[in-house]
Amino acid sequence: MVFAVVILFVCLAYGNSARFQDTDIHPGDLSKTVNDYFLCRHCGTDISPLSSLISIDSPAASDSRVSPLFGLKEVKVQTVKNSLHSQFEILTLSKTLCVGKGNWQTEDSWFPGYVWKVCVCAKCGRHIGWMFEPLHLATSDKIYPSKEGFYVVIISSIINELHADSLIVVPKHFSTIEDISD
């Protein structure tokens with residue numbers, strides 16, 4: 001990256017245009033020490049590290065599969081429907097930075113023995129999923145699940161950080177200051 005910036009400045013200093021090749025970075029190409037995060041697909045805010053993925057089966061799931069997703073070989077994806085017959089592909093997570101809205105709901109839980117509430121992005125307020133808490137631990141003053149609770153996120157509401165970074169486009173042509181002022 002530093003080399004590319006140096007070349008850019010050299011080219012601009014001599015009045016030439018600079019061209020950069022597209023790069024194709026895959027998560028598998030990077031060191032295992034790199035932490036990847038789920039981001040809100042709408043605003044890009046960090047939602048949760050990929051390491052918080054957990055596998056909790058929902059008996060209400062109409063489909064359940066293990067798929068390669070987000071650069072990982074095996075991710076449990078479940079398909080569930082709410083009482084309005086809206087269908088969601090979901091992941092289960094041990095922690096997120098989403099914000100719970102409303103009261104704990106006991107009806108229509110996809111996970112028996114758990115209550116739920118809507119979970120929204122802390123920055124933009126978009127619905128990204130739900131938080132679940134064991135029924136016997138849920139109190140009206142509790143805004144986050146306990147250690148026995150968990151989160152469910154809608155796959156279409158999130159994107160992983162490494163993939164989002166690969167979508168950033170580097171301009172193919174840079175103009176000199178003189179070209180812009182003409």
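Are F88 and W130 buried or exposed? In this predicted model, F88 is buried, and W130 is buried as well. The two residues form an edge-to-face aromatic pair, with ring centres 5.1 Å apart and an angle of 75° between the planes. F88 belongs to strand β6 and W130 to strand β9, so the pair ties together parts of the chain separated by 42 residues in sequence. Both residues are also members of one aromatic cluster, which is made up of F88, W110, F111, Y114, W130, F132 and F150.

Confidence was examined along the chain. The protein chain has an average pLDDT of 79, and 73% of the residues reach a score of at least 70. Over residues 1–33 the pLDDT stays under 50. For this segment the model has 29 contacts beyond four places in sequence.

The count of aromatic pairs comes to 9. One of them joins F38 and F70 in an edge-to-face arrangement, at 5.0 Å centre to centre and with 85° between the planes. This pair links distant parts of the chain, as F38 is in strand β1 and F70 is in the loop between β4 and β5, 32 residues apart. F38 and F70 are both buried. In the case of F70, the relative accessible area is 13%, which is under the 20% limit, and F70 is therefore classed as buried.

The largest nonpolar core holds 20 residues, of which F38, F70 and L91 touch the most other members. The elements that contribute two or more residues to this core are β1 (37–40), β5, β6, β8, β9 (127–134) and β10 (150–154). Apart from neighbours within four places in sequence, L91 is in contact with F38, L53, F70, V75, K76, V77, Y151, V152, V153, I155 and I158. A second, separate core consists of 11 residues, among them W110, W116, W130 and F132. In soluble globular proteins, nonpolar side chains tend to be buried together.

Backbone torsions were considered next. Most residues other than glycine have a negative phi. F70 has a positive phi, near 60°, and is not a glycine. The residue lies in the loop between β4 (63–69) and β5 (72–81). D108, also not a glycine, has a positive phi of about 60°. D108 is located in the loop between β7 and β8. Its relative accessibility is 52%, so D108 counts as exposed, whereas F70 is buried.

S67 has a relative accessible area of 15% and is buried. Its side chain makes a polar contact with the side chain of R65, at 3.4 Å. With neighbours within four places in sequence left aside, S67 is in contact with L72, K73, E74 and V75.

A search of the whole structure finds 1 disulfide. This disulfide is formed by C98 and C119, whose sulfur atoms are 1.4 Å apart. The torsion about the S-S bond is about 130°, and the disulfide of C98 and C119 is therefore right-handed. The pair links distant parts of the chain: C98 is in the loop between β6 (87–93) and β7 (99–105), while C119 is in strand β8 (residues 114–120), 21 residues apart. C98 and C119 are both buried.

C40 takes part in no disulfide, and the nearest cysteine sulfur, that of C124, lies 3.7 Å away. The relative accessibility of C40 is 2%, so C40 counts as buried. C43 is likewise in no disulfide, with the sulfur of C121 as the nearest cysteine sulfur at 3.6 Å. C43 has a relative accessible area of 28% and is therefore partly exposed.

How values were computed: Residues are numbered from 1 along each chain as its sequence is written. This is a predicted model: local features need pLDDT of at least 70, side-chain atom pairs count only at pLDDT 80 or more; totals for chains, interfaces and linings use all residues. Side-chain values use heavy atoms; hydrogens and water are left out. A disulfide is a pair of cysteine sulfur atoms within 2.5 Å. Helices (H or I, at least four residues) and strands (E, at least two) are DSSP runs, numbered from the N terminus. Buried means under 20% relative accessible area, exposed over 50%, partly exposed in between (1.4 Å probe, protein chains only). pLDDT is the predictor's confidence in each residue, from 0 to 100. Contact means heavy atoms within 4.5 Å. A polar contact is a pair of N or O atoms within 3.5 Å; within protein, one must be able to donate a hydrogen and the other to accept it, and residues adjacent in sequence count only if both atoms are side-chain atoms. A nonpolar core is a set of buried Ala, Val, Leu, Ile, Met, Phe, Trp, Tyr and Cys residues joined through side-chain atoms within 4.5 Å. Rings of Phe, Tyr and Trp (its six-membered ring) pair if their centres lie within 6.5 Å; planes under 30 degrees apart count as stacked, over 60 as edge-to-face and the rest as tilted.
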